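Notebook open, model loaded. I'm jotting down what I look up as I go.

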Amino acid sequence: MLSRTADNLYWLARYMERADFLARIIDATRRLASVPTTQPGPGTEWDSTLEASGAGEGFRRTGASPDEANVVEYLMFSMDNPSSIRNCIEKARTNGRAVRTALTAEMWDAINGAWIELKRHVMSNARGYDREQSARFLEFVKKASLDYDGAAHRTMLRNDAYWFSRLGLYIERADNTARILDVKYNILLPETEAVGGSVDYFQWAAILRAVSALTAYHWVYRESLKPWLIADLLILRPEMPRSLIACYENIVRFLDSIGKAYGHKGEAQRHAHTVLARLMGATTKEIFQSGLHEFVTAFVENNTRLGTIVAEQYLLN
Amino acid sequence: MPQCFDEMTLADGATRAVYGRIAHWLAATPSELLASRRAQAELLFRRIGITFAVHGDKDAAERLIPFDIVPRLLGRSEWARLEEGLRQRVKALNLFIADIYGAQEILKSGVMPTDIVLQNPYYEPEMAGRRIPHDIYVHIAGIDIVRIDAGDFYVLEDNLRTPSGVSYMLENREVMMRLAPDLFAEYRVAPVENYPDALLATLRSIVPRAARGEPTIVLLTPGQYNSAYYEHSFLADKLGVELVEGRDLLVRDDVVYMRTTEGPKRVDVIYRRIDDAFLDPLAFRPDSVLGVPGLFNAYISGNVTLTNAVGTGIGDDKAIYSYVPNIIEFYLGEKPILKNVPTWRCREAEALAYVLDHLPELVVKEVNGSGGFGMLIGPHATREEIDTFRQKLRAKPDNFIAQPTLSLSTCPTSFDSGIAPRHVDLRPFVLSGSDGIRVVPGGLTRVALKEGSLVVNSCQGGGTKDTWVVDDSHLENLPCGAFAPGTTREAMDR
């Protein structure tokens, strides 16, 4: 297939996944922020949400104070924030429009429909920040991402177009899960258990909510929230669809499909297998011993590197 | 404005046979229902994403071309004659272009002045003396037809470069079948949905001789910001070929390749929707970022076919247009079946004098203009506009032609305020391959939605209609008054 088409499909999937992640993390933060005195010391929940979404620096440049209205506005609708939900959907549609022929009618319908609906939300948001209104918007974004994902899954031919699209989704998803871990690693350390108390409980619940895993946690562990188990769930549990290992199992699978169809494998396949092997060999104990923060940082770097390699090997031909 | 021919209702109030069921449908359908059909149609088009970008209008960056739910009908016998005329005309134009870039017999014989061809901005000197695969230049033509009266079709314009609109012909039909399935059950409408198949067969028939194995065909678009991008992606999809941009192609050793995830892949036929000037920055406009460096060399080396060929603009130039009847007689030895609109060539002193004297009643067109821009419609123009044109004409008479203001036929059109006649034209599409000429029955009917307006171009507020070629051999005209509102189906079927 055309390299540009593969590139567009890959980024289209990434932007839709990113929009979904942003919607979830905003939602989770809003719940958390409504709990009294959640975070002692400097900075608020909204600061760490900005960091987790990679928008901290951009937001500080606007000079606005990091309160709910400003941060939510920046993450949802700001044109200046390249990764605002609005920009994600706009870019997803631009990418989709550029490769209309590679999309099924259902996929195009999902993206174009979301884009049309987005305009309505942008208009009503222009009247000012309204919590109820923005909650409806977040619901819409999650549903739009589900629609797109479902359309892709149900209607695409299982060929390279599908594989590149899925590759984008899982590389983005791995990045998002890792970012949450990176920003919140301090409350996931075993020592914090001693601090305990309801405050941390809400923090942990918020992390799980942000990756829609609160219910999953209970099904997997059948016990109350423990920080090291949350880390275990988000990093090492293959049955958890947003865990790092689950993302890499998929990444490896789709890269191998591409390699097989094209008759040769390259650096992208080798690198992805290495990252997966590292995850498969890891235990929570070992990760905590060598440092959760260091582990996650290394993972984010490797994941970013994979994106670069995929681009060089296939997308920029 | 004189009384003009209406496609549905004759001057004496009788309904033309072919429109019988339509007239009944319009009379029997309550206006609210028609309104909801219109809304439904708009929704369908919006959803499918059929939009049209309009030059210089930022708010309307993605606008819909209005679709009218009342179809335009042609009887099978009318169509047969029209089709015969189209085949004749396109055949002759292809022979003309091959001759102009070859032996130039027509210039030697004095049928037309030499400078009108050789000094023409659309004459491509790079093509002179070259042969192209199968000697076919115009593989895809869109011929604009207007009707003045019951008997005759006139050709208003030949579009021989990158004619657009065929996607609307196809989508209009899809939407119309959803909106009015009953009408399709009552009429036998000739299908148009095989157009992509016909186009693919045409493209496959013109692969360069150098091609080996299964040919690779691509559609080359300027990109998603082009006004016709929707059509490009639509056609690529229907054809099952890659939609490429200039940056997706590269030329190595005079062979064209596209960049794929598996490395470069050889390309044999390029259906390009990019003007000649932008095709190749090395051969034409050096500032073109839409084209492919080296493409023209690959083309003249015979390694790739471009559809349409380079240099076909000479055939649809408005100055050349007035000679098309002579062209048909010269190459085919036949009388033209389709008429030309009488045309004054302002380059001729006598014609210029006449035009300057009669500006308020004439349509004056720039020979190189398109899309309804750079044109004067005398009867609708202000004094100042006429004076401006008078000066332009005096300064550069060669740049203009003039034609009488035609009273284009009208067709009933649906508005919130009710049904009203509006002027229409018709663009059928003619495909020429090495295995013959193909014409799909129908075409794109464009309608001037503003009352009295004669400009049907989509960039100036025109709309479109579905065009039906129907079997009318068993139908008769219906007398005036047959369709008072509320007429029952039984009255119709008597």
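Predicted model: local features only at pLDDT ≥ 70, side-chain atom pairs only at ≥ 80, totals over all residues.

I started with helix H12 of chain A, residues 227–236, and asked how many of its 10 residues are buried. I count 7, so I'm noting this helix as mostly covered. The buried ones are A:Pro227, then the run A:Ile230, A:Ala231, A:Asp232, A:Leu233, A:Leu234 and A:Ile235.

Next, the contact between the chains. I find 16 residues from chain A in it and 16 residues from chain B. Which elements of chain A give two or more residues to the side that touches chain B? I get helix H1 (3–33), helix H5 (85–98) and helix H6 (105–125). I also sorted that side of chain A by residue class: 7 nonpolar, 4 polar and 5 charged.

Then a helix pair inside chain B. I looked at helix H3 (residues 76–100) against helix H12 (residues 324–332), both of chain B, and their axes are 9 Å apart at an angle of about 80°. The range for roughly perpendicular is 65 to 115 degrees, so that is what I call H3(B) and H12(B). From H3(B), I list B:Gln88, B:Arg89, B:Lys91, B:Ala92, B:Leu93, B:Leu95 and B:Phe96 in the contact. H12(B) answers with B:Val324, B:Ile327, B:Ile328, B:Tyr331 and B:Leu332. By class I have 9 nonpolar, 1 polar and 2 charged residues in this contact.

On to the sheets of chain B. I traced one open sheet of 4 strands in the order S5-S4-S9-S10, with parallel pairing. Its edges are strand S5 (242–244) and strand S10 (305–307), each of which pairs on one side only. I get an average twist of 30° from one strand to the next. Zooming in, I see strand S9 (residues 269–272) of chain B joined to S10(B) by 3 bridges. There I find B:Val269 opposite B:Thr305 of S10(B).

I traced another open sheet of 4 strands in chain B, and here the order is S12-S15-S13-S14 and the pairing antiparallel. Why is one side of S12 and of S14 left without a neighbour in the sheet? Strand S12 (344–345) and strand S14 (375–377) stand at the edges, so each has a single partner strand. Further in, I checked strand S13 (residues 362–366) against strand S15 (residues 400–404) of chain B and found 5 bridges, in the antiparallel sense. For B:Val364, the bridge partner I noted in S15(B) is B:Ala402.

Conventions
Residues numbered from 1 in each chain as written. Chains lettered and ligands numbered in written order. Pairing = 2+ DSSP bridges. Axes fitted to C-alpha atoms, helices over the stretch in contact; angles between N-to-C directions. Buried ≥ 20, exposed ≤ 12 C-beta atoms within 10 Å, placed from the backbone. Parallel < 35°, antiparallel > 145°, perpendicular 65-115°, else oblique. Contact = placed C-beta atoms within 7 Å. Nonpolar A, V, L, I, M, F, W, Y, C, P; charged D, E, K, R; others polar.
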